[in-house]
Amino acid sequence: MQFRVSKFCVWAVLVFSVSATAHHAISVEFDPGQRLTFAGVVTKVEWSNPHVYFYANIKEQDGKSANWAFEAAGPNQLARQGWNRDSLKIGDRVVVVGFPARGGAHVASARSVVAADGRKMFAGSPFDGGPKP
């Protein structure tokens, strides 16, 4: 019996570790063929798993402002790329290169962020299959 439990545990660890690292490619939710540039002001930042989200008021083509949600990589991945919780703050002016959600929602996969001081930060994950800006 002990041997079977050990085999099951090894199998379970392998199955769950593969699914945890695979996550999803951005093309499932976002359109990687439509690279857009957004300029706006950060209104909210959420550091949570599995993705960090930040929100910004973006001026649309019709002149109206819309609040967009930008999905970035997870907190650990962003930290390895040099981000910290103060990298983006409410009120910061940013330029975001990203790929919009399929279906027209005001959500995009952020690939890079340029802060008002000129800092350029990669916001995606190198493992999600998404294009680099």
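A cavity is a set of grid points where a 1.4 Å probe fits but cannot get out, and its lining residues have an atom within 4 Å of a point. With that in hand, let's look around this predicted model. A search of the whole structure finds one cavity of 30 Å³ or more, and the volume of this largest cavity is about 30 Å³.

Who surrounds the space? The lining of the largest cavity is made up of Val 45, Trp 47, Val 52, Phe 54, Trp 83, Asn 84, Ser 87 and Leu 88. Two elements, β1 and β2, each give two or more residues to that lining. By class, six of the lining residues are nonpolar and two are polar, while no charged residues take part.

Now for a space that is open. The second largest pocket holds about 160 Å³ of space. Around the second largest pocket you will find Leu 36, Thr 37, Phe 38, Ile 58, Lys 59, Glu 60, Gln 61 and Trp 68. Here, too, the elements giving two or more residues to the lining are β1 (36-47) and β2 (52-59). Of the elements, β1 gives the most, with three residues.

The lining of the largest cavity, for its part, has no charged residues.

## Two charged pairs

Side chains of opposite charge can pair when their charged atoms come close. How many salt bridges does a search of the whole structure find? It finds two.

One of them joins Glu 46 and Lys 44, whose closest N and O atoms are 3.1 Å apart. Glu 46 has a relative accessibility of 27% and so counts as partly exposed.

Is Asp 117 buried or exposed? Asp 117 is exposed, because its relative accessible area of 55% lies over the 50% cut-off. Arg 119, at 34% relative accessibility, counts as partly exposed.

Key
Residues are numbered from 1 along each chain as its sequence is written. This is a predicted model: local features need pLDDT of at least 70, side-chain atom pairs count only at pLDDT 80 or more; totals for chains, interfaces and linings use all residues. Side-chain values use heavy atoms; hydrogens and water are left out. On a 1 Å grid over the protein atoms alone, a cavity is a set of points where a 1.4 Å probe fits but cannot get out, and a pocket is an open set with protein on both sides within 12 Å along at least five of seven lines; lining residues have an atom within 4 Å of a point. Grid points are joined across faces, edges and corners, and a volume is the space filled by probe spheres set on the points. Helices (H or I, at least four residues) and strands (E, at least two) are DSSP runs, numbered from the N terminus. Ala, Val, Leu, Ile, Met, Phe, Trp, Tyr, Cys and Pro count as nonpolar, Asp, Glu, Lys and Arg as charged, and the others, Gly among them, as polar. A salt bridge is a side-chain nitrogen of Lys or Arg within 4 Å of a carboxyl oxygen of Asp or Glu. Buried means under 20% relative accessible area, exposed over 50%, partly exposed in between (1.4 Å probe, protein chains only).
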